[in-house]
Amino acid sequence: QQTLAKDASKKRCYDFLNMTSRSFAAVIQELDDQLRDAVCLFYLVLRGLDTIEDDMTLDLDRKVELLRSFDQIIYKKGWTFTENGPNEKDRALLVHFDVVIDEFLRLKPEFQSVIANITKLMGNGMADYATGEHRENTSIATIKDFDLYCHYVAGLVGYGLSDLFAASGLESEELAKDKALSNSMGLFLQKTNIIRDYREDLDDGRQFWPREIWGKYADNFSDFIKPENKLKAQHCLSNMVLNVLNDVPQVLTYLSKLKNQSVFNFCAIPQVMAISTLALVFNNLDIYQRNIKIRKGEAVKLILDSTDMDNVVAIFRQYVFEISRKNEATDPNFMEISMAIGRIEQWI
Ligand SMILES: COc1cccc([C@H]2O[C@H](CC(=O)N[C@@H](CC(=O)O)C(=O)O)C(=O)N(CC(C)(C)C)c3ccc(Cl)cc32)c1OC
């Protein structure tokens, strides 16, 4: 009877996983036995934290209290969040979070401490950001703030995954020790999404592009949607893409150090999606009008191709060449983009 109950609650965790993220959930479920449950639960704990950070109906001090204590909450059997929820999809996870906690407590202690440590760092980082000086209309001032924010919400996920890979024995300790590589895995994904989501975030009253960059091209963050600011908008966008390109060499270095096939697929697929998205958004002013995504057919091809390092290098080479082709000599960022591409080409 006990076994049946255990299997039911584990299955419910995978149901939550499949509910929260479409394509990526499938990739997590392809991971080898030693890692699958730990990564699934890490993903769900992060999703719970993210849902609290995104919940605009919570007052600030309640949100901060939840963020700063989430690393203890995940050890509290029976805990659920019923105060009031954001949208349906994420609300369901927190309303039934006791199921996630039950499964988390069944992980081997080493996996539990990796997840709890990252949750503590991320929850406090999110709380610092939510209450810090950045708060005037939720904006990010300097490139340093931009890197710190992305470290909190994404770089730390890279840290935690590298630690889980090492703890499972499927990947080396040395990879987990090189924090800069793990951090770049998160920054590249997060920064590419922040560029892609300009319009969605603007309409939601959020801005994640650093003022130190966009302030060179406009007085207000929303100026870029106006047709008369077309050229400024294009140069601001290329400046943002330049900032993201700097993480590509470290992403490729990280991927080249992976030994386990299922871990490689799990890590490579989001990165090739991101370089494809980066090439799509480069010099593409549609991002100021609507959220653009790579076509389903292209995404499927990328998923099928991302199974070994040579293919991944070829995919990066193709999209970096596409960016190089679209790079315009009249763009003030032209030279620096060419040099960033040169640094990447040395690698590939
Ligand atoms: C070594 O590091 C990684 C290795 C593999 C995958 C990811 C990373 O990839 C997905 C990929 C994913 O979730 N894709 C979505 C599509 C999208 O969000 O655009 C999807 O396919 O649904 C992603 O985006 N994030 C969210 C953050 C970027 C904030 C970390 C994420 C959230 C939780 C986990 Cl456990 C993992 C990831 C890594 O994280 C850095």
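Predicted model: local features only at pLDDT ≥ 70, side-chain atom pairs only at ≥ 80, totals over all residues.
1. Let's start with the rings. The count of aromatic pairs comes to 18. One of them is Phe-24 with Phe-266: the ring centres are 5.3 Å apart and the planes are at 25 degrees, so this pair is stacked, the cut-off for stacking being under 30 degrees. Phe-24 sits in helix 2 (residues 22–29) and Phe-266 in helix 15 (residues 261–281), so the pair ties together parts that are 242 residues apart in sequence.

2. Are the two partners buried or exposed? Phe-24 has 22% relative accessibility and so counts as partly exposed. Phe-266, at 4%, counts as buried.

3. Next, have a look at Phe-188 and Phe-316. This aromatic pair is tilted, with 6.4 Å centre to centre and 35 degrees between the planes. Phe-188 belongs to helix 10 (residues 179–196) and Phe-316 to helix 17 (residues 309–326), so here the pair ties together parts 128 residues apart in sequence. Both Phe-188 and Phe-316 are buried.

4. There is also an aromatic cluster to click through. Its members are Tyr-198, Trp-209, Trp-214, Phe-221, Phe-224 and Tyr-288.

5. Two lysines are worth a look alongside the rings. Lys-108 has its charged end over the ring of Phe-111, 4.8 Å from the ring's centre. Lys-179 lies over the face of Tyr-159, and there the distance to the ring centre is 4.9 Å.

6. Helix 8 (residues 143–168) packs on helix 10 at an angle of about 125 degrees, and the axes are 7 Å apart. That angle makes helix 8 oblique to helix 10. The crossing of helix 8 past helix 10 is right-handed.

7. Last, a backbone point. Most residues other than glycine have a negative phi. Asn-283 is not a glycine, yet its phi is positive, at about 55 degrees. You'll find Asn-283 in the loop between helix 15 and helix 16 (296–305). With 17% relative accessibility, Asn-283 counts as buried, since the cut-off is under 20%.

Key: Residues numbered from 1 in each chain as written. Heavy atoms only, no water. Phe/Tyr/Trp six-rings, centres within 6.5 Å; stacked < 30°, edge-to-face > 60°. Helix = DSSP H or I, 4+ residues; strand = E, 2+ residues; numbered from the N terminus. Buried < 20%, exposed > 50% of the residue type's maximum accessible area, 1.4 Å probe, protein only. Lys NZ or Arg CZ within 6 Å of the ring centre and 35° of its normal. Axes fitted to C-alpha atoms, helices over the stretch in contact; angles between N-to-C directions. Parallel < 35°, antiparallel > 145°, perpendicular 65-115°, else oblique. Left-handed = near helix turned anticlockwise from the far one by under 90°.
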